[in-house]
Amino acid sequence: MEEPTVADVMTRQLFALAPETSLQAAARMLKQQGISGAPVVTTNKKPIGVLSLSDLVDVDRDMRQRRGYPMFYRISADVWTTETLPDVMPMSGRVEDAMMPTVVAVDENTSILDAAGRLIELGIHRLMVTRGAALVGVVAAIDLLRGFVESARAGWVYPAQAVDELRGL
C-alpha cells in the first residue's frame, strides 16, 4: 500500500461562493449542504479566500453595506454550474467582506500526514487541493482523520519519526 494522499480523502464535489454572494445566501448554502466552510472563487475559477461559519458570526468584523446576491457555484470534476437560492433576496453584506482572504492550498499528491501538519501549524481547518493551478477539491481535518483510520485498518504504518514531528507542531 502506498502512503495515502489528500487525493484519496478530499471532497471532490465542492460548493464555492462568489465574492459578491450575500452573507445570507452563503449562510443558507452552508447550512443546506451541511458544510462549515467553502472556497471563495472568482468568475475565472481562481480561489481567493475561504468563508467559514466562524467568519459569519464575527461581530467585530467591519462589514460594508454593499449588496450581495443569492448565488453560489457547484463544482464537480471540471463542471462548474452557477446556482441561485430562490428564497433569498439580494441584501447588504457580501462574502468578500467576511471571508479570510488567504488561500492555503496543497497539491493533490501531498501525503495526508503532511497535510495534517499544515493544518496544525497554521491553526486552520481545511486546505484547498489543487492540480496545477486548478482547484480540484477541499480536504478538511475530518477527511484527514478518516484517512488515518482507513490507512491504519489497511495496514499502513507511519514511521515513528514522522509521528513525532507531527506531535511537535
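I take a salt bridge to be a side-chain nitrogen of Lys or Arg within 4 Å of a carboxyl oxygen of Asp or Glu. I note that this is a predicted model, in which local features need pLDDT of at least 70, side-chain atom pairs count only at pLDDT 80 or more, and totals for chains, interfaces and linings use all residues. Residues are numbered from 1 along each chain as its sequence is written, and side-chain values use heavy atoms, with hydrogens and water left out.

**Entry: salt bridges**

I looked up the salt bridges and found three in the structure. For burial I use relative accessible area: buried is under 20%, exposed is over 50%, and partly exposed lies in between (1.4 Å probe, protein chains only).

R94 and E96 join through their side chains at 2.8 Å, N to O. R94 counts as buried because its relative accessibility is 16%, whereas E96, at 29%, is partly exposed.

E108 and R131 form a salt bridge at 2.7 Å, N to O. This pair connects distant parts of the chain, 23 residues apart: E108 sits in the loop between β8 (105–107) and α5, and R131 in strand β9 (residues 126–131). E108 is buried at 12% relative accessibility; R131 is partly exposed at 44%.

D143 and R146 meet at 2.8 Å, N to O. Both belong to helix α6 and are three residues apart, about one turn of the helix. D143 is buried, at 6% relative accessibility, and R146 is partly exposed, at 38%.

**Entry: helices α5 and α6**

I took helices (H or I, at least four residues) and strands (E, at least two) as DSSP runs, numbered from the N terminus. The chain has seven helices and 10 strands. I then examined helix α5 (residues 112–122) against α6: their axes come within 10 Å and cross at roughly 145 degrees. Axes here are lines fitted to C-alpha atoms, for helices over the stretch in contact, with angles from 0 to 180 degrees between N-to-C directions. For contact I require heavy atoms within 4.5 Å. On the α5 side I list I112, L113, A115, A116 and L119, which meet A141, L144, G147, F148 and S151 of α6.

I142, L145 and V149 make a nonpolar surface patch of about 270 Å². Such a patch takes residues with over 30% relative accessible area and no salt bridge, nonpolar side chains (Val, Leu, Ile, Met, Phe, Trp, Tyr) being joined within 5 Å. I142 lies in helix α6 (residues 141–153) and is exposed, with 54% relative accessibility.

**Entry: whole chain**

I recorded that 43% of the 169 residues count as buried.

Key
Patches are made of residues with over 30% relative accessible area and no salt bridge: like charges are joined within 9 Å, nonpolar side chains (Val, Leu, Ile, Met, Phe, Trp, Tyr) within 5 Å. Accessible areas come from the Shrake-Rupley method with a 1.4 Å probe; for residues, only the protein chains shown count as cover.
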